[in-house]
Structures are given as C-alpha cells and as structure tokens.
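Me: Could you take me through the terms used for this model, one at a time? I want each value set against its cut-off.

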Amino acid sequence: MLADRTSRRALGRAASYGVAASVPVLALGWLVRAESGVVAEADRVTVAAATRFTAARPALRRALLVGQEALAARWVNLAATGVCAWAWRRRGLGARAAWAAGTVWGAWALGLAAKGLVGRARPVVEDVVTTVPGTSFPSGHAMNAAAVGVSLTVLVRPLLRRRGRAAVATAAVVLALVTAADRVLLGVHHPSDVVGGLLLGGVVAGASAVGHHGWAPAAPSGSAPRIEV
C-alpha cells in the first residue's frame with residue numbers, strides 16, 4: 001500500500017512538472033501552427049543567413065553533413081543504450097539504466113508523433129545546402145540530443161563527484177547546442193524547430209526523471225562506487 005502511494009505521488013509530481021514545463025513548447029507549437037508573422041519572419045531571415053554562410057564555406061558544409069549523420073537518433077540512441085548497458089552491468093544501476101534507456105527511446109517516439117501532429121514544412125531557401133525528407137517541427141535531432149543529454153546526466157550522477165557531474169552536464173549542453181546549430185546551418189530546420197526540439201526533449205526527460213526519482217528506491221550505499229573525475 002505504501003509503495004502504491006509512493007508511486008502515485010511520484011507520477012503526480014512527474015505529471016505536474018511535465019504540464020508546467022510544456023507550456024513554452026505548446027505556445028511555440030501553436031505559433032508555428034498558426035504561422036505567426038513574427039516567428040515566421042525571424043525563422044526566414046535566420047535560415048537564409050545561415051545557409052548563405054554555410055554555402056560559402058565548403059569545409060564547414062562537409063563537416064555539418066558528417067555531423068548530421070553522426071548526430072542522427074539511430075546512432076546517438078544506440079550509443080546512449082550502450083552507456084545504459086555499462087551502467088547496469090558494470091556499476092549495478094539496473095533500475096536507473098532501464099529508466100534512462102526507456103526515456104531515450106520513448107522521447108524519440110514522442111518526437112515522431114509531434115512532427116506528424118504539427119506537420120510543418122521544411123525551410124525553403126535560395127542557397128540550398130542539403131535536403132532531407134519529413135516535416136520540420138520539432139527538430140528530431142535537437143529533441144533527441146536534449147533527451148539523451150538529460151537522461152545520461154541523471155543516469156551517471158551517482159557515479160561522479162562534483163567536477164565529474166559538472167563536466168557531464170556541460171558535455172550534454174554542448175551536444176544539444178552543436179546539434180541545434182547543425183540543423184539550422186544546413187537549412188533543414190527553422191530556428192523555432194530546434195528551440196522546440198530542445199525544450200520538448202528536456203521536458204520529456206525531466207518529467208521522466210522526476211517520476212523515476214520519486215518512485216525508485218535509493219541505491220544502497222556503496223553499491224555504485226563513484227568515479228574519480
């Protein structure tokens with residue numbers, strides 16, 4: 001009975017966090033869906049400038065195309081799953097690893113659903129750098145990077161000391177920002193797409209973490225030795 005109450009409270013906190021944190025995402029999605037003049041114009045101007053910048057620099061274009069493939073969800077999520085397997089097998093964080101892997105792949109599926117719901121077309125630009133299929137809002141690459149960053153940061157937190165935690169959190173932010181920049185500089189996403197993706201990925205992973213933290217029992221002391229970083 002106590003476990004049931006704890007689970008319900010954890011789910012309630014996760015739902016409350018998710019609803020509150022989703023407000024900016026929903027507002028941005030509504031503006032995009034309504035083709036708000038301010039958002040549409042800012043997107044148009046920014047993407048045009050970004051693709052001109054990229055088209056004039058062949059080396060940057062090649063690097064961005066490599067990044068587009070390397071940062072695709074299939075590779076990033078597989079790498080994240082590998083980290084989860086390591087945390088489970090080598091560090092004894094079974095429940096935490098299962099939560100992180102489930103959150104990563106669940107966020108990916110939710111991102112696909114959100115794309116279909118909004119149905120925004122890709123940017124149309126003069127200086128075409130590359131083209132990709134599918135719809136535009138939210139950016140799947142950006143959402144996935146944010147969800148993976150938050151999930152893995154929470155996953156390895158018990159293993160690290162203060163400097164290690166700061167380093168992992170910084171790496172997660174850098175991954176998200178590099179991914180977002182890649183999408184806009186290639187002209188395959190509007191800036192509002194990557195902002196929406198980052199926000200939604202963070203919200204999903206954050207709400208999931210809140211729920212898991214309140215539901216999962218604390219790990220016994222010494223069961224997950226910290227890594228000196």
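**Terms and cut-offs**

Me: Why is Trp105 called partly exposed?
Reply: Its relative accessible area is 32%. Buried means under 20%, exposed means over 50%, and partly exposed is in between (1.4 Å probe, protein chains only). So 32% makes Trp105 partly exposed. Trp108, at 38%, is partly exposed too.

Me: What kind of model is this?
Reply: It is a predicted model, where local features need pLDDT of at least 70, side-chain atom pairs need 80 or more, and totals for chains, interfaces and linings use all residues. Residues count from 1 along each chain as its sequence is written, and side-chain values use heavy atoms, without hydrogens or water.

Me: How many aromatic pairs does a search of the whole structure find?
Reply: One. Trp105 and Trp108 form it, with ring centres 5.9 Å apart and planes at 80 degrees.

Me: What makes the rings of Trp105 and Trp108 edge-to-face?
Reply: Rings of Phe, Tyr and Trp (its six-membered ring) pair if their centres lie within 6.5 Å; planes under 30 degrees apart are stacked, over 60 edge-to-face, the rest tilted. The distance of 5.9 Å passes, and 80 degrees is over 60, so the pair is edge-to-face. Trp105 and Trp108 sit three residues apart in helix 5 (residues 94–118), about one helical turn. Helices here are DSSP runs (H or I, at least four residues), numbered from the N terminus.

Me: How do you know that the span of helix 5 agrees with what it should be?
Reply: The expected span is 1.5 Å times one less than the number of residues. For the 25 residues of helix 5 that gives 36 Å, and its end C-alpha atoms are 36 Å apart, so the two agree.

Me: Why does Arg57 count as lying over the face of Phe53?
Reply: A charge sits over a ring if NZ of Lys or CZ of Arg is within 6 Å of the ring centre and within 35 degrees of the ring normal. Arg57 is at 3.8 Å from the ring centre of Phe53. Arg89 lies over the face of Trp88, at 5.5 Å.

Me: What makes a nonpolar core?
Reply: Buried Ala, Val, Leu, Ile, Met, Phe, Trp, Tyr and Cys residues, joined through side-chain atoms within 4.5 Å. The largest core has 17 residues; Cys84, Val148, Leu152 and Leu155 have the most contacts inside it. Helix 4 (73–91), helix 5 and helix 6 (140–156) each supply at least two of its residues. Helix 5 gives the largest share, five residues.
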